Amino acid sequence: MKKEKLFPLGGPVSEEDIVDRENFLSSLTNRLLEGQSITLAGPRRIGKTSLALEVLRRLRKEGCYTAFVDMFRISDRRDFALSIIDACLENRTGIRKTVSELIGNIKNIAGSASLALKLRDLEIDFRLLERDRDESRLLDYALDLPDELARKEKKQMVVVFDEFQEASRVAGGEIYKKMRAHFQMHKNVSYLFLGSKEDLMKNIFASSKQAFYRFALTLPIPPIPEDAWIEYIARKFASAGLTADEDSVREIVKLTGGHPQDTMIVCSEVYHFLLEASEKKLSLETVRIGYERALYALSPLFDRIIDELNETPHSGKVLKRITRGERAYSRKEHPNEVKRAIDFLMTKGVIEKSGRGVYKFTEPMFQEYILRELS
Ligand SMILES: Nc1ncnc2c1ncn2[C@@H]1O[C@H](COP(=O)(O)OP(=O)(O)OP(=O)(O)O)[C@@H](O)[C@H]1O
Ligand SMILES: [Mg+2]
């Protein structure tokens with residue numbers, strides 16, 4: 001059997017590993033229950049998908065139907081429609097891929113009969129499900145299915161679209177208009193839209209020219225407080241029989257700034273170092289080593305971001321100043337240019353505002369990485 005990772009990395013975390021976020025989670029859950037649709041946009045790897053999946057677990061406990069559609073995994077319009085249909089029908093059938101089961105089961109009369117019985121009232125047009133059929137009608141059917149299902153069951157339904165900004169890549173620029181036209185009629189469904197490209201998300205939800213203008217409430221994702229991290233990290237190390245004094249743990253959170261994934265990576269590297277060295281106790285020294293290893297592990301990712309930023313030379317200059325802890329604005333450059341560079345860096349999720357004219361890195365480890373390159 002595969003051993004569970006002590007510190008979860010590289011994907012949504014399970015209920016026990018969600019550090020803090022309790023208030024935010026219950027606020028999200030309540031608002032969705034009240035029928036309020038919500039948008040969460042935030043940089044990569046800060047825990048959006050983890051939050052959404054936990055909200056869905058809670059909503060199911062409240063008796064809601066739920067559906068989760070990850071736009072990154074979808075290739076075209078048909079795939080999009082089928083993913084929505086599958087995610088909806090799973091509430092009834094308990095099967096992940098009901099549609100392929102339905103199609104594959106046609107020969108197995110008994111199997112298909114019992115499945116079809118469960119779905120009898122939904123008026124699924126099986127011919128639409130076949131390949132090469134009218135995709136547009138299939139998509140219309142799919143987009144209305146959440147409300148249809150909720151109405152038939154007299155239940156509330158919550159649908160999550162992860163990486164929502166990808167919808168136009170998948171189904172063309174007109175897709176937002178089409179979705180809005182359907183969703184605004186839905187009385188029993190609330191929607192949670194997640195996106196990692198903040199500029200695109202902003203455009204979809206905050207531009208008065210866009211179909212989704214004011215459709216959903218946009219909420220900022222709060223950071224994880226330092227004390228919550230410290231409690232969690234100490235508890236985790238203890239569960240593996242390792243002693244973690246508060247100073248060492250605090251040092252980890254100080255170095256990572258509490259960035260969700262970076263903190264987990266450093267913890268994981270510290271843990272593996274302790275195992276390799278057969279040590280039983282964290283120290284500032286082992287934290288340092290874990291940190292260096294984590295920085296090394298993150299370097300390909302950071303290099304990719306740097307390449308992307310270098311496409312606009314101006315933002316490079318501004319970023320260097322912020323990296324060194326200097327003010328973003330400089331006498332040598334026109335304020336408008338600097339502002340544009342700052343906006344660009346913010347939409348890329350690299351920096352965030354921390355005061356008037358003052359900006360800080362979203363990911364302190366990225367700042368450290370650039371600092372070392374500069375020196
Ligand atoms: N609340 C949390 N507590 C602890 N760790 C977290 C939390 N949220 C996220 N993480 C860490 O961050 C990683 C990424 O989480 P998740 O996939 O939910 O983020 P995301 O914002 O959806 O990322 P992406 O932009 O890649 O889709 C997790 O594997 C975990 O290491
Ligand atoms: Mg995600």
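**Contacts, cores and salt bridges in a predicted model**

Tutor: Leaving aside neighbours within four places in sequence, Ser 196 is in contact with Gly 42, Pro 43, Arg 44, Lys 48, Glu 163 and Gln 165. The model discussed here is predicted.

Student: With which side chain does the side chain of Ser 196 make a polar contact?

Tutor: Ser 196 is placed in the loop between β4 (189-195) and α10 (198-206). Its relative accessible area is 9%, so Ser 196 is buried. At 2.7 Å, the polar contact of its side chain is with the side chain of Glu 163.

Student: Which side chain of opposite charge is nearest to Arg 78, and how far away is it?

Tutor: Arg 78 belongs to helix α3 (residues 77-93). Beyond four places in sequence, its contacts include Leu 128, Arg 131 and Glu 135. A salt bridge requires a side-chain nitrogen and a carboxyl oxygen within 4 Å. Arg 78 is buried and has no salt bridge, the nearest side chain of opposite charge being that of Glu 135, at 6.0 Å.

Student: How many residues make up the largest nonpolar core, and how many the other core that lies apart from it?

Tutor: In soluble globular proteins, nonpolar side chains tend to be buried together. The largest core here has 49 residues, and Phe 193 is one of those touching the most other members. Not counting residues up to four places away in sequence, Phe 193 touches Phe 161, Phe 164 and Phe 212, among others. Apart from this core lies another, which includes Ile 233 and Phe 361 and has 48 residues.

Student: Which residue has a polar side-chain atom 2.5 Å from an oxygen atom of ligand 1?

Tutor: Among the 22 residues around ligand 1, those that come nearest include Arg 44, Thr 49 and Ser 50. A backbone N or O atom of Gly 47 lies 2.9 Å from a ligand oxygen, while for an N or O atom in the side chain of Thr 49 the distance is 2.7 Å. The distance of 2.5 Å belongs to a polar side-chain atom of Ser 50.

Student: Why are Glu 231 and Arg 235 separated by about one helical turn?

Tutor: The side chains of Glu 231 and Arg 235 meet in a salt bridge, with N to O at 2.9 Å. Glu 231 is partly exposed at 44% relative accessible area, and Arg 235 is partly exposed at 42%. They are about one helical turn apart because they stand four residues apart in helix α11.

Note on methods
Residues numbered from 1 in each chain as written. Chains lettered and ligands numbered in written order. Predicted model: local features only at pLDDT ≥ 70, side-chain atom pairs only at ≥ 80, totals over all residues. Heavy atoms only, no water. Helix = DSSP H or I, 4+ residues; strand = E, 2+ residues; numbered from the N terminus. Buried < 20%, exposed > 50% of the residue type's maximum accessible area, 1.4 Å probe, protein only. Lys, Arg positive; Asp, Glu negative; His and termini not counted. Contact = heavy atoms within 4.5 Å. Core = buried A, V, L, I, M, F, W, Y, C linked by side-chain atoms within 4.5 Å. Near = heavy atom within 4 Å. Polar contact = N/O pair within 3.5 Å; in protein donor to acceptor, adjacent residues only side chain to side chain.
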